[in-house]
Amino acid sequence: MAILPAFAAAAPLQQAAPARESAAYYYLIARSLEESGKVDEAIAALQKALELEPKSAEVRAELAGVYARQNRAVEALDTADEALKFDPNNREANRLLGSIYSALAEQSRPLRPGDDPSQYAARAIAALERANSPTILDLGLDLALGRLYLRSNQNAKAITALQRVFTQQPEYSEGGLLLASAQEQAGQIDDAITTLESTIEHNPPFFRAHAKLIELYERQRRWKEAAVAYARAQQVNPKADLTEGRAMALLNSGAAKDAQELLQAAIAKNTKPGASLLYLLAETQRQMKDYAGASATVKQLRTAFPDDTRGLLMDAQLQLAQGRREEALASFAALVKRVPDQPMFAYQYAQLLQEAGRNQDAEQVLRAVLARDPMDANALNSLGYMFAERGERLDEAVQLLQRALKIEPGNPSFLDSLGWAFFKQGQLTQAETPLAEAAAKMPENSVVLEHLGDLRFRQQRYADAIVAWERALAGDGESIDRAAIEKKLRDARSRVPKD
């Protein structure tokens, strides 16, 4: 047809139209004009199409799209709204409305005088949901909805939408990170970890996924995995300073020697090492019972950073490690008094007081922490576990521990404490889930495994009790009485029927 080139050359509309002019003709011409950069002519063509077909939602949706692509947001929204008056389910108009309101929601600024930006996200969701179709796979729409759901704390919907994106395009790392965020926000930490591991598998250089994975490993006390994740992240981004975090993960996983080598290498490269590196090095030396080396490192720390309380803390820990308990108690008391807003010192002081049989003093220390911050989950756990261990005020212990778990859902240490409180109450059914989950999340923690073994024995599941206690003896060995566990093992073995 010879007329198309003439119209594309911007001939007047009334001259360019064929004898059998139609809205469809101008609709198609408008697309060609816009692609050629002739935006005003494209808009004029669509307006001519509306003259010929004034009730067309499709033409209005196309015109709204042209306005949107020119950043004429008000005209785009007005035109899309007009399209929906004729066809409320028009997919393109709804998609366009949703996209614009979604962008405005992120900017948190009113488009028109009197607009409430807090309503934009809800409008965007409503429009995009109408644009969505169960018969059409539209990953862009799923991604937009997933972001909006995530921002609006509609986690189940966010996970459903983003899972479709991630399943179809696992190499799209941003989608994996968003899905993991939705899972994390929903409390599905294990699923979030799996998503991030898969994201990294498909795109190993994606550093932000490494960083988020480390954060979740640490929250789950999965220190060995965290240490490995730190090493991989360091390879991805050699400029990132991850030494302290990696050293902490190694220390918490029991690899003090590896942590020491890492720290010594970092300190050797720095003529003025920071306080954190020195403190962590002293901690590795303390754990390896190199008390002379630790003391020398602490001296260096306190000389270079006299106001850093970690020097005092390590002095107290060394006193404790060398059996100078009264000196350690006095040092921790001084630390708590000097920095009352640092609850970490109060936790350790309370633990020492308990070990010294000064339970009332320990309770007062923890109550003081909670008086300052009723949402301190560690103080709630410490106080609740202390009551459970003593077999006293068990109802209050359960309440304290349930409060701690509301603040940090899934924390394995808190789960163990709650399960142990239920066990001490004789509520074996209630103890089952938290103790089993804690043991699954902390498979090398001897105390947790001993608690699980005690539960299994009381349930008369003697073979399972044997497995748990054997694992306790093979675990980290901290805070357990090995002779007592071995005695319980002999008792359990005598009860298992012989073939």
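1. A quick word on terms to start: buried means under 20% relative accessible area, exposed means over 50%, and partly exposed lies in between (1.4 Å probe, protein chains only). This is a predicted model, in which local features need pLDDT of at least 70 and side-chain atom pairs count only at pLDDT 80 or more, while totals for chains, interfaces and linings use all residues. Residues are numbered from 1 along each chain as its sequence is written, and side-chain values use heavy atoms, with hydrogens and water left out.

2. Have a look at leucine 77 in helix H6 (residues 73-86); helices here are DSSP runs of H or I with at least four residues, numbered from the N terminus. Leucine 77 is buried, at 0% relative accessible area. Leaving aside residues up to four places away in sequence, its contacts include Leu97, Ile100 and Tyr101, a contact being heavy atoms within 4.5 Å.

3. Now to the charged pairs. The structure holds 37 salt bridges, each a side-chain nitrogen of Lys or Arg within 4 Å of a carboxyl oxygen of Asp or Glu. One of them joins glutamate 363 and arginine 393 at 3.2 Å, N to O. Glutamate 363 is buried at 13%, whereas arginine 393 is partly exposed at 41%.

4. Glutamate 392 pairs with arginine 390 in another salt bridge, with 2.7 Å between the closest N and O atoms. Arginine 390 is partly exposed at 27% relative accessibility, and glutamate 392 is also partly exposed, at 35%.

Methods
Helices (H or I, at least four residues) and strands (E, at least two) are DSSP runs, numbered from the N terminus.
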